[in-house]
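Biologist: Could you walk me through this model and tell me what the labels rest on?

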Amino acid sequence: MHDLFQRIRSSCHLVAEQARYVRIQESRIAAYASSLPLQQALYPEHDARYHYLGHGEDTAAFFLTLDTINFMSGYNPHLKKRPGLSGYFTIAAALSDHYQTRGPLSASELTGLASGRCASIFGQDPGNPVAMELMELYAQALGELGRYLLSSFGGSFGALVDSAEASAERLVTLLIRMPFFNDVSQYGPLSVPLFKRAQLTAADLELAFDRRGLGRFTDSDQLTIFADNLVPHVLHVDGVLEYDPDLAARIEREELIPSGSPQEIEIRACGLHAVELLVAELRRQGQTVTARGLDYLLWNRGQEPHYKARPRHRTRSVYY
């Protein structure tokens with residue numbers, strides 16, 4: 001059971017053991033674990049201002065669509081953002097507005113979206129070449145989702161989720177059949193699966209449906225963190241992850257770290273393994289925590305000015 005999640009954890013552990021550019025400061029794990037404010041919600045709620053909630057299968061369609069394109073982190077500095085909102089919340093709010101005013105995007109509609117239409121939906125400037133590069137990727141990703149739904153699930157978002165049979169692991173295996181969800185990197189001879197957005201989709205549905213119906217997953221406690229560029233950044237700023245000086249300088253200069261490079265893989269994999277060490281330590285201390293819960297805590301910590309003031313690594317990738 002849960003071989004896929006174990007494979008993710010094992011491969012990240014192996015990367016951490018071999019890493020040349022990122023090091024986990026294991027001597028700091030116990031103290032850092034003890035310092036975490038576990039009284040904060042480890043099981044949050046979606047914000048109705050930015051998410052399309054309470055609409056049954058259409059809510060499932062919203063989150064499947066949103067998580068299909070939730071890979072803007074490397075493009076974030078170039079996105080046109082709504083006042084006071086991050087890139088993620090800008091995109092989520094724009095999609096929610098479309099659902100509120102024009103209704104959900106059907107599977108057939110998704111197959112016909114072009115980059116210009118994506119720019120219109122998500123409020124991006126057609127004259128910004130970097131933003132339009134992302135909109136082209138959005139169009140490709142959403143087209144893949146639409147075709148997959150039509151070919152395998154009768155065009156139904158709910159049927160896709162139902163096919164997972166209340167298993168987050170099964171939902172991940174269904175989603176990674178789409179290329180942009182198949183988040184696997186090659187680290188020397190080692191294949192490193194992370195499946196950030198596929199895992200996040202299960203977690204988002206669980207939150208949206210309060211663990212019932214289309215959000216019921218009996219194995220969601222097995223999810224890993226959703227490996228992106230923010231949780232590792234928080235761990236780095238807090239001294240749990242140490243970066244090679246050259247890598248740290250490149251990040252401070254806001255250079256792009258190439259997708260699939262050893263440095264980029266190590267940042268994500270070591271971040272994931274560090275959280276696994278934190279979970280083990282907290283459980284040793286008698287706390288009931290999951291990796292997913294710590295992801296929520298650390299991701300929200302990363303919204304604080306102290307962390308936003310320092311550059312995090314940027315990678316233009318379709319995986320996060």
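Modeller: Axes are lines fitted to C-alpha atoms, for helices over the stretch in contact, and angles run from 0 to 180 degrees between N-to-C directions. Helices are DSSP runs (H or I, at least four residues), numbered from the N terminus. The model is predicted, so local features need pLDDT of at least 70 and side-chain atom pairs pLDDT 80 or more, while totals for chains, interfaces and linings use all residues. Residues are numbered from 1 along each chain, and side-chain values use heavy atoms, without hydrogens or water.

Biologist: Why are H1 and H9 called roughly perpendicular?

Modeller: The axes of H1 and helix H9 (residues 168–175) cross at roughly 75° and come within 9 Å. Angles of 65 to 115 degrees count as roughly perpendicular, under 35 as roughly parallel, over 145 as roughly antiparallel, and the rest as oblique. H1 and H9 are therefore roughly perpendicular.

Biologist: What makes the contact between H1 and H9?

Modeller: Contact means heavy atoms within 4.5 Å. Asp-3, Leu-4 and Phe-5 of H1 meet Ala-168, Glu-169, Val-172 and Thr-173 of H9. By class, that is four nonpolar, one polar and two charged residues. Here Ala, Val, Leu, Ile, Met, Phe, Trp, Tyr, Cys and Pro count as nonpolar, Asp, Glu, Lys and Arg as charged, and the others, Gly among them, as polar.

Biologist: How do you know how H1 and H13 are oriented?

Modeller: Helix H1 (residues 3–18) packs against helix H13 (residues 262–284) at about 110°, with axes 8 Å apart. H1 and H13 are therefore roughly perpendicular too. In H1, the residues in contact include Cys-12 and Ala-16, and in H13 they include Ala-269 and His-273. The classes in this contact are seven nonpolar, two polar and three charged.

Biologist: Which helices each supply at least two residues of the largest pocket's lining?

Modeller: They are helix H4 (87–102), helix H10 (196–208) and helix H14 (291–301). By class, the lining has 15 nonpolar, ten polar and 13 charged residues.
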